Amino acid sequence: MFIIYVEEDDGDLSGRYQSTLDALSSLITKRGRFASNNQSHRFRLLFHYLKVLELEDAVSQMKIIHVAGTKGKGSTCTFAESILRCYGLRTGLFTSPHLIDVRERFRLNGIEISQEKFVDYFWCCFHKLKEKTSNEVPMPTYFCFLALLAFKIFATEQVDVVILEVGLGGRFDATNVIQKPVVCGISSLGYDHMEILGYTLAEIAAEKAGIFKSGVPAFTVPQPDEAMRVLNEKASKLEVNLQVVPPLDTSQRLGLQGEHQYLNAGLAVALCFTFLKEIGIEEKNCLNQTNGLPAKFISGLSNAYLMGRAMVVPDSELPEEIVYYLDGAHSPESMVACAIWFSKQIKQNQESNQKRSEQILLFNCMSVRDPSLLLPRLRSKCIDQGVDFKRAIFVPNVSVYNQVGSSSNVDPSAGSRTWQLGLQRLWESLARGEARSNSRSDYKGKEEVKSFVFSSLPLAVDWLRDNARQSKQVRFQVLVTGSLHLVGDLLRLIKK
């Protein structure tokens with residue numbers, strides 16, 4: 001099959017941008033990230049790609065902060081970027097995934113790259129790589145290309161610091177093509193992407209520790225013993241000074257909500273302190289809690305922003321009747337953190353709002369996740385915090401609103417109701433189990449939790465709005481979680 005793309009200089013910017021997204025989508029392979037058997041081969045090709053793009057020298061000279069982890073690595077990178085920008089440094093931030101538009105992954109001085117620049121940089125890389133393809137050297141896969149594109153953007157824009165979030169794992173991740181970062185960080189480790197990274201914390205930690213470089217300082221947060229042991233072993237072999245940093249004091253105001261963010265903020269502070277010291281801007285007292293953080297650290301932490309994590313967004317049509325609580329949690333541990341954050345938000349709202357509220361869950365997760373590890377934790381932690389969902393809604397995970405391209409990569413199960421019906425059965429079995437086992441007097445007489453499956457997200461939102469119009473005295477507080485794709489789809493839908 002031959003695919004012809006509209007040349008990058010044809011038509012208006014909107015048309016050029018869509019053509020660019022279509023070309024980007026062509027790099028998405030069906031094998032995707034599950035083809036773990038050829039990870040090392042694909043990783044080795046990255047060095048060839050850098051040579052083709054004439055980026056070898058530029059990347060070797062970049063001052064880089066590199067962060068891996070299971071949970072919180074994106075937040076850590078966001079905090080770090082915000083802090084360093086406060087020092088007047090020109091920052092380049094590369095994160096993943098995006099929620100609505102692929103340009104979210106590339107931030108220059110805190111602002112996502114413009115469509116015009118994205119188009120220009122994209123085609124520059126795409127054509128150069130396409131000219132050198134062969135049977136032995138195919139085009140890079142989707143994420144590999146995006147990482148290479150990030151290096152091209154940051155090199156040409158001459159940023160002072162690059163903050164790189166690992167996409168998946170660490171050892172064979174495309175971002176790990178760098179040879180000498182200034183400092184590395186490992187955020188909280190847990191069970192995720194086990195089909196690729198391994199089924200034990202030790203195996204997962206070994207993959208994450210793959211970003212350690214000889215003699216480069218590294219920081220991590222408190223980890224489970226099994227994971228910490230492996231991190232220490234890997235660090236010792238490479239003569240890496242690995243330090244464990246505690247959570248930041250909760251008296252500090254953060255731009256990202258949730259108690260778990262103090263752990264990420266503490267890691268970001270340590271990374272930034274080391275980075276500033278290495279480039280000659282040393283803040284001697286910034287880790288001395290008795291003296292407090294420097295003003296620029298405080299400003300950076302309080303102004304950090306990351307879409308899709310612990311966001312509160314009123315409905316565009318019925319802002320007084322429906323409020324969405326968005327969090328892209330998709331691992332067992334992050335489900336617990338999400339439940340704590342949501343419950344805290346609900347309690348605060350009840351204290352300040354006279355209107356009766358009703359909590360509703362809007363959920364889906366990718367088919368590679370195990371919902372039996374997610375939904376029970378979310379439900380039980382919310383109940384422990386005094387928050388009960390009155391209804392639960394399950395929808396497909398089809399990113400039809402996601403600006404990747406016209407043939408964006410979707411979950412194979414998304415088009416079928418089978419997966420959503422399975423989620424519904426699990427949720428109802430949890431409710432029945434609680435009803436049978438709980439004999440407390442405060443549990444008796446509670447109305448049965450209702451659950452629904454909709455064939456699309458727009459239908460679910462329409463249903464919520466119809467019900468809200470009929471129940472004017474009730475505010476719907478809708479927790480949207482289980483998948484960043486779902487969060488992105490909802491954001492795009494309600495902001496239309």
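## Residue E358 and its strand

E358 lies in strand β11, which covers residues 356-363; strands (E, at least two residues) and helices (H or I, at least four) are DSSP runs, numbered from the N terminus. The model is a predicted one, in which local features need pLDDT of at least 70 and side-chain atom pairs count only at pLDDT 80 or more, while totals for chains, interfaces and linings use all residues. Residues are numbered from 1 along each chain as its sequence is written, and side-chain values use heavy atoms, with hydrogens and water left out.

E358 counts as buried because its relative accessibility is 11%, where buried means under 20% relative accessible area, exposed over 50% and partly exposed in between, with a 1.4 Å probe and protein chains only. Beyond its neighbours within four places in sequence, E358 is in contact (heavy atoms within 4.5 Å) with K390, R391, V474, R475, F476 and Q477.

## The six-stranded sheet

Strand β11 belongs to an open sheet of six strands with mixed pairing, in the order β9-β10-β14-β11-β12-β13; two strands pair if DSSP finds at least two bridges between them. The edges are taken by β9 (311-314) and β13 (450-453), each of which has a single partner strand, so one side of each is left without a neighbour in the sheet. From one strand to the next, the twist averages 20°, with axes being lines fitted to C-alpha atoms, for helices over the stretch in contact, and angles running from 0 to 180 degrees between N-to-C directions.

Strands β11 and β14 (residues 474-481) run parallel and are joined by eight bridges, and within this pair I360 stands opposite V478 in β14.

## Helices on the sheet

Helix α13 (residues 371-384) packs on the sheet, where it touches β11, β12 (389-394) and β14, and its direction makes about 165° with that of β11. Helix α16 (residues 484-494) also packs on the sheet, touching β9, β10 (322-326), β11 and β14, with a direction that makes about 150° with that of β10.

## The protein and the confidence of the model

The secondary structure of the protein comes to 16 helices and 14 strands, and 57% of its 496 residues count as buried. Among contacts between residues at least 6 apart in sequence, 78% join residues at least 24 apart.

The average pLDDT, the predictor's confidence in each residue from 0 to 100, is 87 for the protein, and 86% of the residues score at least 70. Over residues 405-410, however, pLDDT stays under 50, and for this stretch the model has 14 contacts beyond four places in sequence.
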